[in-house]
Amino acid sequence: MAYKGSDVLSNKAIGDGHGENSSYFDGWKAYDTNPFDLRHNREGVIQMGLAENQLSLDLIEEWSKNHPEASICTPEGLSQFKRIANFQDYHGLPEFRRAMAQFMGQVRGGKVTFDPDRVVMSGGATGAQETLAFCLANPGEAFLVPTPYYPAFDRDCCWRSGIRLLPIECHSFNDFRLTKEALVAAYNGARRQGITVKGILITNPSNPLGTTTDRATLAMLAAFADEHRVHLVCDEIYAGSVFSMPAYVSIAEVVERDVPWCSRDLVHIVCSLSKDFGLPGFRVGIIYSYNDAVVACARRMSSFGLVSSQTQYFLARMLSDEEFIARFLRESKRRLAARHARFTTGLREVGIRCLRGNAGLFTWMDLRDMLREKTKEGELELWRVIIHQVKLNVSPGTSFHCREPGWFRVCHANMDDETMEVALGRIHDFVRQHQRRVKAERWAAKGQLRLSLPHHGASAFFALSSPLALNSPQSPMVRAAS
């Protein structure tokens, strides 16, 4: 018998702190119930809400095939089986930490070096962010985050740690760039409310914007953190996915070269192999901190989310192959650039604008002109049509805490070319249908045409805004039988 009452479960078990009740996750549920398949279900929902790089997995598969010694489960690697299978030190394999530090320097153009002894393992970037939250702040204290930001940060940073995320409002008039004025306003606003600000959290490259943070802004952030004695956490999990200018600048380079007087004890970097390499199933997240106490505490906490020793061993071999990594990064960037160009060109063909991006696996798409009303409700109404009629899982900007309705994140690197063309075709049909409807309504408003739409016209176009249709898809998670 399953017990569901609050009398036998914790507040966390019965609460909604995980944040699954969000349009961001609802889109995934819609996809899970009816996934698109080129051969078996061409009418299904195309997954464009998953930031995953599937464009270069063939390169890793080829390397793995040519290096069977990287696995302890092959005849070539069997001699290492006992050593690796029995290894459980939460410091991590020494060769893995060395290879990871080498890779972090290589992906940043060799402009900065990293100390293997500061590399701390975690179960993906999710675990890394939560570990830092536990290390840097107490329940009720806050981090400032520029908007729009990754929706799952609310889960990763807050659900179990009890800290808070407060927005730094950024706007489209300057391409959502973070300014010192906005940072100061957010900091002072929190202080007026009696909230203790313990740090600033940024993503560079940005998710969802697909842009990189310039050197001057990073220097400003480091100086602000130093002045106010707050932490600066830089999530750099897309550092290897910068495919065009301007060139990528890491906070590690900035604190070493531009503001060497700033306290490095306040600077922490999160890395991962889930995005640049498309290996989320490996669950490899990395914390790199300049603070000795944070490194020591995070390493102890990593016991709750260790990376398997076999995964460490395989990656140590692969990441140490500098020639392969250099070739992989070049080819991955070339493919990402080509995919981004094809997708954004396809959007421009029907008049859809996007924020100009140079990094990441997604596009920040501007559909403000398609809103019936420029409100959060108007954005969600359009989003439901896109999910249920156009059958594309795109993520609405409000789920990223964007205050300007009408922006959507669209992931385009997690599918093959043919699927992307199907998605573009659906977008083209949808936009043209919308344009015809708007034109007809304008004629009717001018009294030049008495409009009598059939049942599949404008009323059907927004039929999903009815109360019944507003219900979120059911979670696909297994439920215990009563």
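Tutor: pLDDT is the predictor's confidence in each residue, from 0 to 100. This is a predicted model, in which local features need pLDDT of at least 70 and side-chain atom pairs count only at pLDDT 80 or more, while totals for chains, interfaces and linings use all residues. Residues are numbered from 1 along each chain as its sequence is written, and side-chain values use heavy atoms, with hydrogens and water left out.

Student: Which element of the protein chain has the lowest mean pLDDT?
Tutor: The protein chain averages 87, and strand S6 (residues 231–235) has the highest element mean, 98. Helices (H or I, at least four residues) and strands (E, at least two) are DSSP runs, numbered from the N terminus. pLDDT stays under 50 over residues 451–482. The lowest element mean, 44, belongs to helix H16 (residues 458–461).

Student: What is the volume of the second largest pocket?
Tutor: A pocket here is an open set of points on a 1 Å grid over the protein atoms alone, where a 1.4 Å probe fits and protein lies on both sides within 12 Å along at least five of seven lines. Points are joined across faces, edges and corners, and volume is the space filled by probe spheres set on them. For the second largest pocket that gives about 660 Å³.

Student: Which residues lining the second largest pocket are closest to its centre?
Tutor: Lining residues have an atom within 4 Å of a point. Strand S3 (142–146), strand S5 (197–203) and helix H9 (215–228) each give two or more residues to this lining. Of its 32 residues, the closest to the centre are Asp175, Arg177, Thr211, Thr212 and Thr213.

Student: Is Thr217 buried or exposed?
Tutor: Thr217 lies in helix H9, and its C-alpha atom is separated by 8.2 Å from that of Lys180, 37 residues apart along the chain. Buried means under 20% relative accessible area, exposed over 50%, and partly exposed in between (1.4 Å probe, protein chains only). Because its relative accessibility is 12%, Thr217 counts as buried.

Student: What is the phi of Arg229?
Tutor: Arg229 sits in the loop between H9 and S6 and is exposed, with a relative accessible area of 53%. Most residues other than glycine have a negative phi. Arg229 has a positive value, near 55 degrees.

Technical notes. Contact means heavy atoms within 4.5 Å.
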